[in-house]
Amino acid sequence: MGRSLAGDAELPLLLAQSDVLICTLPLTPATRGLLDRARMSQLPRGSYLINVGRGEHLVEGDLRALLDEDHLAGAALDVFEREPPPPDAWIWRHARVTATPHIAGEARDEIVAAQCLDALRRARAGATQPFAVDQAAGY
């Protein structure tokens, strides 16, 4: 089993050994703009970026430069700095970018209804909510 890496101090080591980097982070002041040129340049040449976290994590102009310079092999983006990107955005036309319509999963009616009923039961019982926002953490 591989070693677990976490935190700002270990981020350069994580980046240096990531052939594929998948960003699923919440958006906080500490993660806004996290994927900029300086950090993405630490990825190995030919690596791939997947961002399904938040659009504001990624500095899109820096990504474009690293793609055009052949440092990154490609990117799959489900979230964007501007949602949705304008029709003339470079993201739609770049040969090495796959853009998806910001749907991380299917929200079937029966699943959503069951989650709402569970949340209502918990609220009436004074129980904690399973997906409650942690105000201290910011997400």
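Visitor: Which residue of β3 does I50 stand opposite?
Guide: This is a predicted model. In it, β2 and β3 run parallel and are joined by 5 bridges. I50 stands opposite A76.

Visitor: In β2, which residue is the bridge partner of I22?
Guide: I22 is found in strand β1, residues 20-23. β1 and β2 also run parallel, with 4 bridges between them. The partner of I22 in β2 is I50.

Visitor: Which residues make up the uncovered face of β2?
Guide: In a regular strand, side chains alternate between the two faces of the sheet. In β2, the covered face holds S47, L49 and N51. The uncovered face holds Y48 and I50.

Visitor: Is strand β3 largely enclosed or open, and how many of its 6 residues are buried?
Guide: Strand β3 covers residues 72-77. Buried means under 20% relative accessible area. The strand is largely enclosed by the rest of the structure, because the number of its 6 residues that are buried is 5.

Visitor: Where does H57 lie, and what is its relative accessible area?
Guide: H57 sits in the loop between β2 (47-51) and α3 (60-68). Residues up to four places away in sequence aside, H57 touches C23, L25, P26, L27, T31, G33, L34, L35 and N51. H57 is buried, and its relative accessible area is 0%.

Visitor: Is A99 buried or partly exposed?
Guide: A99 is found in strand β4, residues 97-99. Burial requires under 20% relative accessible area. A99 has 27% relative accessibility, so the class is partly exposed.

Visitor: What separates the C-alpha atoms of A99 and A75?
Guide: Neighbours within four places in sequence aside, A99 is in contact with L77, F80, I91 and W92. A99 and A75 are 24 residues apart along the chain. Their C-alpha atoms are separated by 8.4 Å.

Visitor: Which residues form the nonpolar patch on the surface, and what is their accessible area together?
Guide: One member, I22, is found in strand β1. The patch consists of V20, I22 and V52. Together they have an accessible area of about 240 Å².

Visitor: How many residues apart are E69 and R37?
Guide: Their side chains meet in a salt bridge, N to O at 2.7 Å. The pair links distant parts of the chain: E69 is in the loop between α3 and β3, R37 in helix α2 (residues 37-40), and they are 32 residues apart.

Visitor: Why are D118 and R122 separated by about one helical turn?
Guide: D118 forms a salt bridge with R122, with the closest N and O atoms 2.9 Å apart. D118 is partly exposed at 26%, and R122 is partly exposed at 29%. The separation is about one helical turn because the two are 4 residues apart in helix α5.

Visitor: How many salt bridges does the structure hold?
Guide: One of them joins the side chains of E110 and R108 at 2.9 Å, N to O. R108 is partly exposed, with 37% relative accessibility. The total for the structure is 7.

Visitor: In what order do the elements run from the N terminus?
Guide: The chain has 5 helices and 4 strands. From the N terminus, the order is α-β-α-β-α-β-α-β-α.

Visitor: What radius of gyration does the chain have?
Guide: The C-alpha trace spans about 55 × 40 × 30 Å along its principal axes. For a compact globule of 139 residues, the value would be near 14 Å. The chain has 18 Å.

Visitor: Among contacts between residues at least 6 apart in sequence, what percentage join residues at least 24 apart?
Guide: A contact means heavy atoms within 4.5 Å. Among contacts between residues at least 6 apart, the share joining residues at least 24 apart is 57%.

How values were computed:
Residues are numbered from 1 along each chain as its sequence is written. This is a predicted model: local features need pLDDT of at least 70, side-chain atom pairs count only at pLDDT 80 or more; totals for chains, interfaces and linings use all residues. Side-chain values use heavy atoms; hydrogens and water are left out. Patches are made of residues with over 30% relative accessible area and no salt bridge: like charges are joined within 9 Å, nonpolar side chains (Val, Leu, Ile, Met, Phe, Trp, Tyr) within 5 Å. Accessible areas come from the Shrake-Rupley method with a 1.4 Å probe; for residues, only the protein chains shown count as cover. A salt bridge is a side-chain nitrogen of Lys or Arg within 4 Å of a carboxyl oxygen of Asp or Glu. Buried means under 20% relative accessible area, exposed over 50%, partly exposed in between (1.4 Å probe, protein chains only). The radius of gyration is taken over C-alpha atoms; the globule rule is 2.2 Å times the number of residues to the power 0.38. Two strands pair if DSSP finds at least two bridges between them.
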